[in-house]
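Please look at the structure below and follow the chain slowly before reading on. The paragraphs after it go from the whole chain to single residues.

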Amino acid sequence: MSPVDVLIIAALPEELEAARSATNGVGAGQWHERNPEGLTPYLTGEYKSSTGNRITVALARPTGMGGRRTGPIATTLTDLLQPTCLAMCGVCAGNPDDTAPGDVLVATTVYEYDEGKQAGDTFQGAHQQYPLNDRWLRAAQDFDPSDLPSHGIATEQESAIWLLECLHKGQDPRRHPARPRYFPKAAWSDRLARLAADDLIVWQEGAWALTGAGTAKIERILAEDVDGPDRLPFAVHPGPLASGSAVIQDPRIWSDLRKMGMRKILGLEMEAATIATVAHEREVPHWLVAKGVMDNADFNKGDRLKKFAARASAEVLFKLLGRLLPARTGGRGGTPLPAPPNEAIPGTVKVDVIRRLHFDWQDLADLVGVPGFDRARFAQGDEPRELWEWLEVRGRLAELPAALAEVGRADLSDLLRPYV
């Protein structure tokens with residue numbers, strides 16, 4: 001098999017289906033089955049981003065959730081397909097202090113939170129953390145989901161349902177991180193006054209509370225809404241994700257995770273740390289995990305938002321990949337070309353590029369995804385040559401012209417284009 005640009009792993013059939021059918025992803029009917037009767041079946045397709053960038057994609061899932069199921073198939077397909085990025089989309093639990101159901105979390109750091117030593121009643125963490133590439137982190141921080149198919153502005157009726165549901169869960173909607181998305185500036189007082197006039201909420205003991213009619217209304221809405229929403233005013237939050245081996249339904253988990261050393265933990269799930277570990281061990285240049293919040297790991301845990309969260313996470317993942325992965329040089333669509341033989345690039349051109357890359361090699365290394373542990377091995381003062389050779393041994397020299405142009409070195413890109 002030829003290498004692919006990105007290998008996407010989804011832990012559950014619903015998550016794989018969300019990635020396969022993402023409106024802004026690979027087109028309907030454009031996926032192709034590979035190895036359908038084997039131990040590691042997968043799909044392949046070509047994704048064309050809004051900027052025209054074409055990316056070859058492989059998509060697969062294990063037979064169950066968790067790192068033990070995800071690790072083998074991710075490793076096997078990584079070795080087979082040699083992706084530039086190992087990625088994952090799906091669902092997670094979100095920290096209720098910072099996220100709302102339907103939001104999408106982009107992992108900036110991942111780790112196994114239950115990795116360590118249990119000494120009596122005390123847990124001593126030994127967390128191996130994997131950080132996201134800085135350039136990719138900045139893209140996640142600047143991400144705007146408003147043009148995605150699953151994103152939509154909340155109507156007044158939807159904002160009313162959101163407020164009733166917050167009160168039903170015992171949350172304070174005034175302090176909820178999603179309040180500005182459901183109640184635009186100056187809309188709060190008027191809309192609450194109408195809900196109070198309809199006898200759905202009442203002001204008591206310094207806070208808004210549900211009336212009996214309000215409780216009955218929201219309980220019926222939630223009971224009848226078995227399919228979940230099609231659109232939400234969701235936000236994209238970059239931040240740490242903790243992976244564990246069990247599904248959690250305990251609101252104390254968030255304070256427990258903070259006590260273990262991660263003060264700004266955003267989400268909890270089961271596979272992200274495995275994805276980053278496989279990428280690290282197999283020297284995949286990039287990893288990327290986007291997970292949609294389906295619940296808060298509390299006693300209100302349910303599946304009503306599962307389908308939406310999986311779909312929104314897939315849309316975010318594809319849009320980020322289209323922006324961040326460099327276009328392949330030559331071939332049809334995103335099909336990579338093999339690196340040119342050494343003699344195809346004159347030695348004088350190679351030396352010229354290396355000498356003139358002295359102040360920009362770090363940006364180039366970020367773009368092509370040189371892991372930090374490899375960059376640390378580069379000989380001090382000779383980093384441009386080390387970077388060239390890092391690409392050369394991986395058969396990726398053909399990517400240099402496009403990558404150089406993207407970091408603002410069109411002069412060097414023009415030098416190489418006649419030879420690749």
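This is a predicted model: local features need pLDDT of at least 70, side-chain atom pairs count only at pLDDT 80 or more; totals for chains, interfaces and linings use all residues.

Residues are numbered from 1 along each chain as its sequence is written, and side-chain values use heavy atoms, with hydrogens and water left out.

The chain contains 16 helices and 14 strands, where helices (H or I, at least four residues) and strands (E, at least two) are DSSP runs numbered from the N terminus. Because a compact globule of 420 residues would have a radius of gyration near 22 Å, the 24 Å of this chain agrees with that form; the radius is taken over C-alpha atoms, and the globule rule is 2.2 Å times the number of residues to the power 0.38. Along the principal axes, the C-alpha atoms fill a box of roughly 80 × 50 × 50 Å. Of the 420 residues, 52% count as buried, where buried means under 20% relative accessible area, exposed over 50%, and partly exposed in between (1.4 Å probe, protein chains only). Among contacts with a separation of 6 or more, 74% come from residues 24 or more positions apart, a contact being heavy atoms within 4.5 Å.

The aromatic rings come next. A pair of aromatic rings is described by the distance of the centres and the angle of the planes. How many aromatic pairs does a search of the whole structure find? The search finds seven, counting rings of Phe, Tyr and Trp (its six-membered ring) whose centres lie within 6.5 Å, with planes under 30 degrees apart called stacked, over 60 edge-to-face and the rest tilted. One of them is the stacked pair of W162 and Y182, with 4.9 Å centre to centre and 10° between the planes. This pair links distant parts of the chain, since W162 lies in helix α4 (residues 156-168) and Y182 in helix α5 (residues 179-182), 20 residues apart. Both W162 and Y182 are buried. F234 and F308 form an edge-to-face pair, with 6.0 Å centre to centre and 75° between the planes. Here too distant parts are linked, with F234 in the loop between α7 (212-224) and β12 (236-243) and F308 in helix α10 (residues 306-324), 74 residues apart. F234 and F308 are both buried. Ring pairs also join W162, Y182, F183 and W188 into a cluster.

Now consider single residues. L257, in helix α8 (residues 253-259), counts as buried because its relative accessibility is 0%. Leaving aside residues up to four places away in sequence, L257 touches Y111, Y113, A242, M262, I265 and L268. By contrast, R263, in the loop between α8 and β13 (267-269), is exposed because its relative accessible area is 61%.

Backbone angles give a last topic. Most residues other than glycine have a negative phi, and most peptide bonds are trans. D199, although not a glycine, has a positive phi of about 60°; D199 sits in the loop between α6 (188-197) and β10 (201-204) and, at 46% relative accessibility, counts as partly exposed. E283, again not a glycine, has a positive phi of about 55°; E283 is found in the loop between α9 (272-281) and β14 (286-295) and is partly exposed, with a relative accessible area of 35%.
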